[in-house]
Amino acid sequence: MSIGSPLDVREPAADWWRQAAIYQIYPRSFADSNGDGIGDLRGIIGKIPYLVALGIDAVWLSPFYPSALADGGYDVDDYRDVDPRLGTLQDFDELVAGLHAANIRLIVDIVPNHSSDRHDWFREALGSPRGSAARDRYIFRDGVGPLKSEPPTDWVSMFGGSTWEPVGDGQFYFHLFAREQPDLNWANNEVRADFLETLRFWSDRGVDGFRVDVAHGLAKDFTEPLPTFEQLGSARTTAEGNHPYWDREELTEIYAEWRAVFNEYNPPRIAVAEAWVEPHRRHRYAAPTSLGQAFNFDLLRANFDAAEFREIVTRNDVFAKETGSSNTWVLDNHDVVRHATRYGLPKDDSEEGDELVQAWLLSRGVEPVEDHQAGLRRAKAATLFVLGLPGSAYLYQGEELGLREVADIPDSQRQDPAFFRNPGVDAGRDGCRVPLPWVADAPAFGFDATGSGRAHLPQPSWFRDYSVDVQESDDASTLALYRVALELRRALRSGEMLTWLDAGSDDLLIFERPGGWIVATNFAERPQALPEALVGMVAVLSSDSGRARDGAIDAETTLWFRRE
Ligand code: NOJ
Ligand code: CA
């Protein structure tokens with residue numbers, strides 16, 4: 001494929017991502033090979049047979065670069081190396097080879113909006129005068145007021161507190177996230193060129209693609225007069241594309257340069273944007289001339305509710321077709337409360353859709369009461385619904401075990417900056433990042449392969465019942481369900497069409513895929529009659545022990561059928 005040409009979606013090898021099941025590994029919490037309580041690359045290598053048995057197409061690896069972990073590794077000291085606690089470049093090469101030999105692709109997280117404050121460039125900037133080339137790689141500005149001691153604006157960072165940090169000489173640097181994450185200046189050519197080199201560095205090592213962190217944030221324009229934080233409001237975009245730091249027009253050019261690099265490879269490297277923008281702006285990231293795919297996070301904010309799910313699917317189907325990309329479905333990731341917990345709490349109709357969840361987290365999981373059983377039943381029904389849809393399914397480690405959020409982590413053991421910078425307001429994201437339980441009767445539930453019993457976040461005792469070994473010996477386990485569903489999904493994804501069937505009830509969603517696959521989800525708390533056309537058909541798979549019985553579908557259940 002020639003440089004700069006759009007991704008050719010007709011080429012089978014280049015198509016792999018369009019309907020892939022991509023499993024996110026948060027490396028520090030997946031599997032620890034050497035007993036220091038921190039998951040590592042050799043830990044992942046040891047679990048390749050597990051990934052094969054699960055039936056995924058690709059792994060998305062969250063940051064594994066050298067980092068002080070001010071933000072779980074999203075504070076990168078060096079973009080072209082491996083954190084020594086996680087392994088070496090040689091381990092990385094072995095991981096790529098091992099996954100590829102198992103027919104699993106690998107995409108890595110790339111964090112271009114900000115480096116860490118320990119990056120060589122940032123150290124150099126701090127040691128250089130105002131106006132220097134070294135400071136131009138970041139965003140430095142003079143303070144205001146007679147002593148230049150006030151921050152340039154009153155803007156609040158994503159983790160709370162000012163977006164500006166003083167450096168002691170009258171200047172401040174800008175950071176959208178933690179103060180240890182200074183934002184890079186994407187108007188600087190050296191920054192742009194260096195990232196192209198990083199993309200080639202990992203592509204040459206065999207990675208199949210990239211997940212682009214804060215893809216909507218890179219471009220900035222801080223020309224005065226600058227709006228107040230109140231004037232900015234909560235919007236992450238403006239109709240003119242001139243928000244000072246979100247979703248700006250210049251991003252189009254930046255990602256066209258990236259696309260040219262991706263297309264130097266055969267098959268082209270893929271990319272998926274983390275872009276929290278209005279759905280109608282997503283095409284700027286998802287277009288084949290841009291990154292190629294963009295996350296749709298709509299389901300993270302939705303209740304387990306038929307009308308909400310149908311609206312989200314319909315809307316996103318239109319967007320995916322308009323852009324030439326494919327859909328992305330996400331129920332869980334390392335930034336949100338696990339879906340087995342979200343669906344175990346009462347429905348939340350707040351604007352952001354997460355007020356109740358936040359209240360629950362802040363109460364340490366006490367108020368409102370979480371219904372574990374219902375939460376898991378709905379989570380499994382939602383998963384089978386999503387796995388039946390056309391597009392890529394992004395799964396997050398531990399959801400295949402039916403894990404719910406760990407809400408009662410003691411303050412002294414928390415790690416997330418969102419918690420520390422917003423005392424009493426934000427409980428942080430540690431509860432979905434607890435090291436996985438592999439073996440019920442082993443120290444640290446087998447997270448650590450040496451038996452040292454160490455785990456960098458405390459694991460609750462209930463993890464025992466959710467451990468991999470327990471679930472592997474139970475055909476009715478959540479893990480068994482994921483395995484069967486992912487295997488069947490390979491046949492189900494024969495085309496990207498979806499046709500809604502008349503379900504005859506507001507609580508029932510039924511759609512058909514090419515090849516005669518039919519997915520039916522009952523969102524109600526009571527059984528529902530199935531439409532005439534499905535009565536008598538035998539379900540191939542059920543999200544719960546529930547089946548189609550006497551022409552009805554059980555409460556909060558998804559069934560997969562296949563026409564003869
Ligand atoms: C999004 C990542 O998913 C999140 O974990 C991180 O804190 C921010 N970007 C900042 O890099
Ligand atoms: Ca380790």
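Arginine 282 is buried in this predicted model, with a relative accessibility of 8%. That assignment holds because burial is set at under 20% relative accessible area. Arginine 282 sits in a loop. The loop runs between strand β8 (270-273) and helix α9 (283-286). Beyond its neighbours within four places in sequence, arginine 282 contacts Val277, Ala294, Phe295, Asn296, Asp298 and Asn316. Aspartate 247 is 35 residues away from arginine 282 in sequence. In space, the C-alpha atoms of arginine 282 and aspartate 247 are 9.5 Å apart.

A loop also holds asparagine 188. With residues up to four places away in sequence set aside, asparagine 188 touches Asp136 and Arg137.

Several side chains make polar contacts with oxygen atoms of the ligand. For aspartate 71, an N or O atom of the side chain is 2.6 Å from an oxygen atom of ligand 1. For aspartate 213, the distance from a polar side-chain atom to a ligand oxygen is 2.7 Å. For histidine 334, a side-chain N or O atom lies 2.8 Å from an oxygen atom of ligand 1. Taken alone, ligand 1 exposes 290 Å². The protein buries 98% of that area.

The largest nonpolar core contains 129 residues. Tyr23, Leu51, Phe64, Phe92, Tyr255 and Trp258 touch the most other members. Helix α13 (residues 372-387) gives the most to this core, contributing 7 residues. Another core lies apart from the largest one and has 15 residues. Among them are Ile139, Trp155, Phe159 and Trp164.

Phenylalanine 64 illustrates the contacts made by a member of the largest core. Neighbours within four places in sequence are again left aside. Phenylalanine 64 then contacts Pro27, Leu41, Val82, Leu86, Phe92, Val108 and Trp202, along with Asp81 and Asp83. One of these partners, Phe92, is itself listed with phenylalanine 64 among the core residues that touch the most other members.

Conventions:
Residues are numbered from 1 along each chain as its sequence is written. Chains are lettered from A and ligands numbered from 1 in the order in which they are written. This is a predicted model: local features need pLDDT of at least 70, side-chain atom pairs count only at pLDDT 80 or more; totals for chains, interfaces and linings use all residues. Side-chain values use heavy atoms; hydrogens and water are left out. A polar contact is a pair of N or O atoms within 3.5 Å; within protein, one must be able to donate a hydrogen and the other to accept it, and residues adjacent in sequence count only if both atoms are side-chain atoms. Accessible areas come from the Shrake-Rupley method with a 1.4 Å probe; for residues, only the protein chains shown count as cover. A nonpolar core is a set of buried Ala, Val, Leu, Ile, Met, Phe, Trp, Tyr and Cys residues joined through side-chain atoms within 4.5 Å. Buried means under 20% relative accessible area, exposed over 50%, partly exposed in between (1.4 Å probe, protein chains only). Helices (H or I, at least four residues) and strands (E, at least two) are DSSP runs, numbered from the N terminus. Contact means heavy atoms within 4.5 Å.
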